[in-house]
Amino acid sequence: MKTMLNARMCISTIPANNCSARYAVLGAGFAGLSVAWHLLQHSSKDSHLCIDIYDEVGIGGAASGVSGGLLHPYSPKVKVLWRGEDCWNECLRLLSVAERALEARVPDSISQDSSFFCMDEPIVCRRGILRTMMTEKNAEIMKENARTCIENCNLELLDKDAAQNLVPRLHVPLNAAVYMPQALSIRPTHYLQALFAACKNQADELCVSFSKKVEVNLYKESIDTLCELAGKYNAVIICLGAKVDMLPEFSGKLPLRTCRGVVAQLNLSAHSRDEYGCNSPSILSDAWLSFQGPRTVLMGSTWDWSSKNYSSSVCEDESSMALQELLPKASAVYPSIREWTFIRARAGLRAMPPLTNFGSLPILGCVNDAVKPKNKCMYWLFGGLGSRGLLYHAFLGKLLARAVVSDDEMVLPPELTSWKQMKVWKYNL
Ligand SMILES: Cc1cc2nc3c(=O)[nH]c(=O)nc-3n(C[C@H](O)[C@H](O)[C@H](O)COP(=O)(O)OP(=O)(O)OC[C@H]3O[C@@H](n4cnc5c(N)ncnc54)[C@H](O)[C@@H]3O)c2cc1C
Ligand SMILES: *[C@@H]1O[C@H](CO)[C@@H](O)[C@H](O)[C@H]1NC(C)=O
Ligand SMILES: *[C@@H]1O[C@H](CO)[C@@H](O)[C@H](O)[C@H]1NC(C)=O
């Protein structure tokens, strides 16, 4: 059954086949919604743009929705990641787009299945992130790396006292920690809901102010094969996360491995008066603690490379095993976590890309070769966001939208498309 959410008066009378450009975006996670937003920014030459977003679960239905929401442009040894500055700045831009949509929100303008979309809570916690150092060897490398940072995401070396000033009772193993004051803790589902609302608002605005016809539709529908979409679209952008492998067109052809991660939510019990200060940072260590408010925290994450289970629900066995693994790691730096109460666990499947000279980079590009029989539509892949989807989604979504609109893969940096030279892709086509 097709369920169309959010049809608007402004556009509902226009027959869909009048679109001058029609795009399908498969998946409503970080990747899909970023692409949708950026396609709207490039709509100037289309008199009637239509973007259909398909997701079998809904917004943030898989990895994006369960992620820890930790956002900063550095590796575990605090080296600037590939295009770290671009990625960081595009994220800030997209976050403010989402924040503005939340402010401008008209009740009802957000998808109806969003009962969990609590409007009082902000999307972003600007509390910074603190990374502890766990071994002597790493500490030396980190201190060296921390000399170089990008302009608007500083790195500060702290000793134990300074670190404990930020987080009372923090355990600081080697009397040293790296503090990223501008790093962010995002509430992933809030953010995605707001980003979708921003897309709808933008469509309405183009519709009202420039009498352009722009549609953004979300279909809660599973796509089982790309054939279903053949002939309907100028381009199909595939942003299915770890499930991209389930499409017959891609099965066994992409250089991706899956890795399941469990995240536990813990709350401070009602009788405890020790709230976590709003200026105290989230914590990265052998486990991470992403503080989502004064009394609630996400603790992650496990790394199960043998699992292909993409279900976000976690059974009791899996959840207690995850707690057994994560609690000792988290309490090694933040012992007070033992006083928090377990609320629930959720899980997601990461789509892990191959390692390149630039690190583990997402895989992007035109994938028409995998689609047979050939048809006029262009097919694009945005996958392999690994464990840093939040950092990559905005910048790469922008680049990919540009490639899609200009029909030109060369717009993409070659390190993102070089996976197409790999045997697993070339020899399986
Ligand atoms: C436990 C965990 C913690 C993480 N923490 C962080 C973090 O703190 N910071 C960070 O940057 N990254 C983090 N990540 C990584 C990040 O979550 C991912 O890189 C990112 O979510 C991938 O986004 P995506 O849009 O590519 O995929 P997804 O979020 O998986 O989105 C794919 C969407 O496609 C839909 N879909 C799939 N198949 C179909 C189909 N056949 N038909 C229709 N719809 C379909 C799904 O329902 C889903 O909504 C974490 C990951 C995990 C697992
Ligand atoms: C945990 O805390 C969050 C945020 O304060 C709150 O919304 C939620 O209801 C709490 N859950 C339980 C079971 O106490
Ligand atoms: C995936 O995990 C869920 C929750 O733990 C469980 O109910 C389900 O049976 C698992 N599915 C597979 C295919 O293992």
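Me: How many residues of the shell around ligand 2 are nonpolar, polar and charged?
Reply: In this predicted model, ligand 2 has Asn267, Gly293, Arg295, Thr296 and Ile343 around it, where a residue counts as near if its C-beta atom, placed from the backbone, lies within 6 Å. Ala, Val, Leu, Ile, Met, Phe, Trp, Tyr, Cys and Pro count as nonpolar, Asp, Glu, Lys and Arg as charged, and the others, Gly among them, as polar. By class, that gives one nonpolar, three polar and one charged.

Me: Good to know! And which residues surround ligand 3?
Reply: By class, the shell around ligand 3 holds two nonpolar, three polar and one charged. Its members are Asn309, Ser311, Ser313, Val314, Cys315 and Glu318.

Me: How should I read the numbering, and which confidence limits apply?
Reply: Residues count from 1 along each chain as its sequence is written, while chains are lettered from A and ligands numbered from 1 in the order in which they are written. As this is a predicted model, local features need pLDDT of at least 70, totals for chains, interfaces and linings use all residues, and side-chain atom pairs count only at pLDDT 80 or more.

Me: What separates the centres of domain 1 and domain 2?
Reply: An automatic or database domain assignment sets the bounds: domain 1 covers 4-64 + 189-256 + 356-426, and domain 2 covers 126-184 + 257-352. Taken over C-alpha atoms, the centres of domain 1 and domain 2 are separated by 31 Å.

Me: How many residues does each domain give to the contact?
Reply: Residues are in contact if their C-beta atoms, placed from the backbone, lie within 7 Å. On the side of domain 1 that touches domain 2, six residues are nonpolar, six polar and one charged. The contact takes nine residues from domain 2 and, from domain 1, 13 residues.

Me: How are helices H4 and H7 oriented to each other?
Reply: Helices are DSSP runs (H or I, at least four residues), numbered from the N terminus. Axes are lines fitted to C-alpha atoms over the stretch in contact, with angles from 0 to 180 degrees between N-to-C directions; those of H4 (residues 84-103) and H7 (residues 188-209) come within 8 Å and cross at roughly 75 degrees. Since 65 to 115 degrees is the range for this class, H4 and H7 are therefore roughly perpendicular.

Me: Is Phe395 buried or exposed?
Reply: Phe395 lies in helix H9 (residues 389-406) and touches Arg83, Asp86, Cys87 and Glu90, not counting residues up to four places away in sequence. A residue is buried with 20 or more other C-beta atoms within 10 Å of its own, exposed with 12 or fewer, and partly exposed in between, C-beta atoms being placed from the backbone. Because Phe395 has 22, it is buried.

How values were computed:
Contact = placed C-beta atoms within 7 Å. Helix = DSSP H or I, 4+ residues; strand = E, 2+ residues; numbered from the N terminus. Parallel < 35°, antiparallel > 145°, perpendicular 65-115°, else oblique.
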